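The following account is intended for a reader who meets this structure for the first time. Please keep the sequence and the model in view while reading.

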Amino acid sequence: MGGLGYSSPVSQPLSTQDHDRRRGGRTYVYPVVSRRARGVSVGINLNPNQACNWRCVYCQVPGLVFGNAPAIDLGLLERELREQLAEVLAPGWLERHAPEGSRRLNDVALSGDGEPTSSRALPEVLAIIARTLEAQALLQKIRVVLITNGSLMHLEHVQLAIRRLAQLGGEVWFKLDSATDRGLVRVNNYAGGSARQARHLELCARAAPTWIQTCMFAQDGVEPSADEQAAYLAQIEALVRAEVPLRGVHLYTLARPSRQPEAPRLKALDGDWLESFAEKIRVRGMPVSVAPET
Ligand code: SF4
């Protein structure tokens, strides 16, 4: 889910603009600054092969290919996570690497160069995160976040991982950019359909604290159509009516250039547009946070 979630690994001062997950020198683990969270996030990338089962037109993963996560070297991942957390917490590290206002460890985020739930090892990875946080007295003190497109939510290994995440006090950010079949194809190149995506969202929200993550933008100079907006708001209404226990919506727009061929055709929406759409979501009973940049 490298698209628009957490950004910018590092060996230099962390920057929210820098994107290369390999600059931290590790295979799976990288530190990033999240401007939205005003803190440092330790990211876990289960897709070092840059493979995803979606192809969002705004995806920022360089060299994105279609596919699943590769086999994970769990011993290496555990060692990298332990080292990275110790590094971030070492005296002076935050001062040297993070800008003022972001000098705190905010979370561990499963967000990389592809879809993390496509890794069959995800439940074991959650167990590693739990062990490592516990060993560093960080369990329940920093958040654990899984950023996902939700398309594999029905699979047993994903359900098990979500339950483990909930036990850790973690949360899911579930991608929902469109509530129409056509929109999901146009934006995410996903043909599974909006009904299925809605079912997966409900399944997820009933198993773990869940935020909807929605990216809106203009394509070919055209803002999201009235039909698209109406379908999205109708879905929000249906979720509220069904009392699906969602935390709310993170609504945002393009912050960094897409690495997909559609890049020149995409444009960020302005803050007024986002705020006005956020208000339409709020009046339907769903909390919203608006971030021009995440
Ligand atoms: S879900 Fe979309 S944004 Fe995330 S990695 Fe896959 S293609 Fe990129």
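The model is a predicted one. Its eight-stranded sheet is open, with the strand order E1-E2-E5-E6-E7-E8-E10-E12 and mixed pairing. Strand E1 (29–34) and E12 are the edge strands, each of which pairs on one side only. On average, neighbouring strands of this sheet are turned by 25° against each other, direction ignored.

Several of the pairings may be followed strand by strand. E5 and E6 run parallel and are joined by four bridges; Leu110 stands opposite Leu146 in E6. Further along, strand E8 (residues 210–215) pairs with E10 in the parallel sense over six bridges, and Cys215 has Tyr252 in E10 as its bridge partner. E10 also pairs with strand E12 (residues 288–291), again in the parallel sense, over four bridges. Here Tyr252 stands opposite Ala291 in E12. Strand E10 (residues 246–252) is mostly covered, for five of its seven residues are buried. Helix H8 (residues 271–282) lies across E10 and E12, and runs at about 170° to E12.

Attention now turns to helix H3. Which residues of H3 are buried? They are Leu122, Val125, Leu126, Ile128, Ile129 and Thr132. Because these residues cover an arc of only 160° around the axis, they lie on the same side of H3. An α-helix has 3.6 residues a turn, so residues three or four places apart point the same way. The face of H3 turned away from the buried side carries the exposed residues Glu134 and Ala135. The buried residues of H3 pack against strands E2 (39–44), E5 (105–110) and E6 (143–148), as well as helices H1 (74–89) and H4 (156–167). Just after H3, Ala137 takes a positive phi of about 55°.

The largest nonpolar core has 75 residues, of which Ile44, Val125, Leu165, Val172, Phe174 and Cys204 touch the most other members. H3 supplies the largest share of this core, namely five residues. Leaving aside neighbours within four places in sequence, Phe174 is in contact with Thr148, Gly150, Leu201, Cys204, Thr210, Trp211, Ile212 and Gln213.

Conventions
Residues are numbered from 1 along each chain as its sequence is written. This is a predicted model: local features need pLDDT of at least 70, side-chain atom pairs count only at pLDDT 80 or more; totals for chains, interfaces and linings use all residues. A residue is buried if 20 or more other C-beta atoms lie within 10 Å of its own, exposed if 12 or fewer, and partly exposed in between; C-beta atoms are placed from the backbone. Helices (H or I, at least four residues) and strands (E, at least two) are DSSP runs, numbered from the N terminus. The arc is that of the directions from the helix axis to the C-beta atoms. Two residues are in contact if their C-beta atoms, placed from the backbone, lie within 7 Å. Two strands pair if DSSP finds at least two bridges between them. A nonpolar core is a set of buried Ala, Val, Leu, Ile, Met, Phe, Trp, Tyr and Cys residues joined through C-beta atoms within 7 Å. Axes are lines fitted to C-alpha atoms, for helices over the stretch in contact, and angles run from 0 to 180 degrees between N-to-C directions.
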